[in-house]
Amino acid sequence: MQISGEKMLAVIEAQDYYQEALTVADGQAIELDQLFQKVDEHLMDAQLMSISLAVNGGVSEGGTTLTLESNVINLPLRYQNQLKKLVYVEEDYDVNLYMYIENMDVSQSHFKIAKVSSVTAYHDDLAGGQVKISQWFDEQLAHIVEVQKQLATEEAAEREDQNKKA
């Protein structure tokens with residue numbers, strides 16, 4: 001699937017793409033099936049899409065946001081100014097599927113993004129693409145848990161040192 005630079009810039013400017021936000025309550029298992037279903041419904045539409053899954057309120061509330069998004073560059077569609085600088089009117093672009101995760105502990109920037117594949121390749125091998133996405137999200141979530149455990153251990157040791165001094 002391809003999109004012209006001219007159309008891409010128009011989509012970015014008007015924010016004319018499919019957007020949906022799903023939620024997972026605190027303590028609930030993260031089921032990616034709902035996310036995959038929405039992506040599969042809208043991925044081959046003639047427009048771009050962004051479907052997110054907010055876990056524990058999403059990154060804005062201290063939780064995690066998992067997102068699958070079609071785009072021509074590995075930046076979220078909401079980064080309008082940066083995309084406008086990188087997309088050229090006279091070029092045609094392949095549309096790719098990207099996965100990203102946002103959490104305070106995932107990285108210093110609180111954000112990680114990776115390319116799944118082109119939209120066409122994903123559509124041709126849904127199962128393979130879904131496995132890749134699931135594994136990547138699992139790795140990122142495991143990293144977040146590890147960082148949170150490490151921070152908790154460091155905070156506990158710091159409190160213990162302060163109690164000894166008091």
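**Entry 1: what H5 packs against**

I started with the buried residues of helix H5, and they pack against helix H2 (33–42), S4, S6, strand S7 (111–118) and helix H4 (119–124). My helices (H or I, at least four residues) and strands (E, at least two) are DSSP runs, numbered from the N terminus. Contact, for me, is heavy atoms within 4.5 Å.

A note on what I'm looking at: this is a predicted model, where local features need pLDDT of at least 70 and side-chain atom pairs count only at pLDDT 80 or more, while totals for chains, interfaces and linings use all residues. Residues are numbered from 1 along each chain as its sequence is written, and side-chain values use heavy atoms, with hydrogens and water left out.

Which residues of H5 are buried? I found Gly 129, Gln 130, Ile 133, Trp 136, Phe 137, Gln 140, Leu 141 and Ile 144. Buried means under 20% relative accessible area, exposed means over 50%, and partly exposed is in between (1.4 Å probe, protein chains only). An α-helix has 3.6 residues a turn, so residues three or four places apart point the same way.

I also checked the length of H5. Its 40 residues should span 58 Å at 1.5 Å a residue, and the end C-alpha atoms are 59 Å apart, which agrees. The expected span is 1.5 Å times one less than the number of residues.

**Entry 2: the core**

Next I looked up the largest nonpolar core, which has 41 residues. Such a core is a set of buried Ala, Val, Leu, Ile, Met, Phe, Trp, Tyr and Cys residues joined through side-chain atoms within 4.5 Å. Leu 68, Ile 133 and Phe 137 have the most contacts inside this core. Helix H5 (residues 126–165) gives the most to the core, with 5 residues.

What does Leu 68 touch, leaving aside its neighbours within four places in sequence? My list for Leu 68 includes Leu 35, Phe 36 and Val 39, then Met 49 and Ile 51, and also Ile 133 and Phe 137.

**Entry 3: the sheet**

I then traced an open sheet of 5 strands, in the order S2-S3-S4-S6-S7, with mixed pairing. Strand S2 (18–24) and S7 are the edge strands, each pairing on one side only. Two strands pair if DSSP finds at least two bridges between them.

Here are the pairings I noted:

- S2 and S3 run parallel, joined by 7 bridges, and Tyr 18 stands opposite Met 49 in S3.
- Strand S3 (residues 49–55) and S4 run antiparallel with 6 bridges; Val 55 stands opposite Thr 64 in S4.
- S4 and strand S6 (residues 96–102) are antiparallel over 7 bridges, and Glu 69 has Tyr 98 in S6 as its bridge partner.
- S6 and S7 are antiparallel too, with 7 bridges; Leu 97 has Ser 117 in S7 as its bridge partner.

Why do I call S4 largely enclosed by the rest of the structure? Because 8 of the 8 residues of strand S4 (residues 64–71) are buried. Thr 64, Leu 66, Leu 68 and Ser 70 point one way from S4, while Thr 65, Thr 67, Glu 69 and Asn 71 point the other way. In a regular strand the side chains alternate between the two faces of the sheet.

S3 is likewise largely enclosed, because 7 of its 7 residues are buried. From S3, Met 49, Ile 51, Leu 53 and Val 55 point one way, and Ser 50, Ser 52 and Ala 54 the other.

**Entry 4: salt bridges**

How many salt bridges turn up in a search of the whole structure? I get 3. Each needs a side-chain nitrogen of Lys or Arg within 4 Å of a carboxyl oxygen of Asp or Glu.

Glu 13 pairs with Lys 84, with the closest N and O atoms 2.7 Å apart. This pair links distant parts of the chain, Glu 13 in helix H1 (residues 5–14) and Lys 84 in helix H3 (residues 80–86), 71 residues apart. Lys 84 counts as partly exposed, at 31% relative accessibility.

The side chains of Glu 20 and Lys 38 meet in another one (3.5 Å, N to O). Glu 20 is in strand S2 and Lys 38 in helix H2, 18 residues apart.

Glu 102 forms a salt bridge with Arg 78, at 2.5 Å between the closest N and O atoms. Glu 102 lies in strand S6 and Arg 78 in the loop between S4 and H3, so the pair ties together parts 24 residues apart in sequence. Buried or partly exposed? Glu 102 is buried, at 10% relative accessible area, whereas Arg 78 is partly exposed, at 40%.
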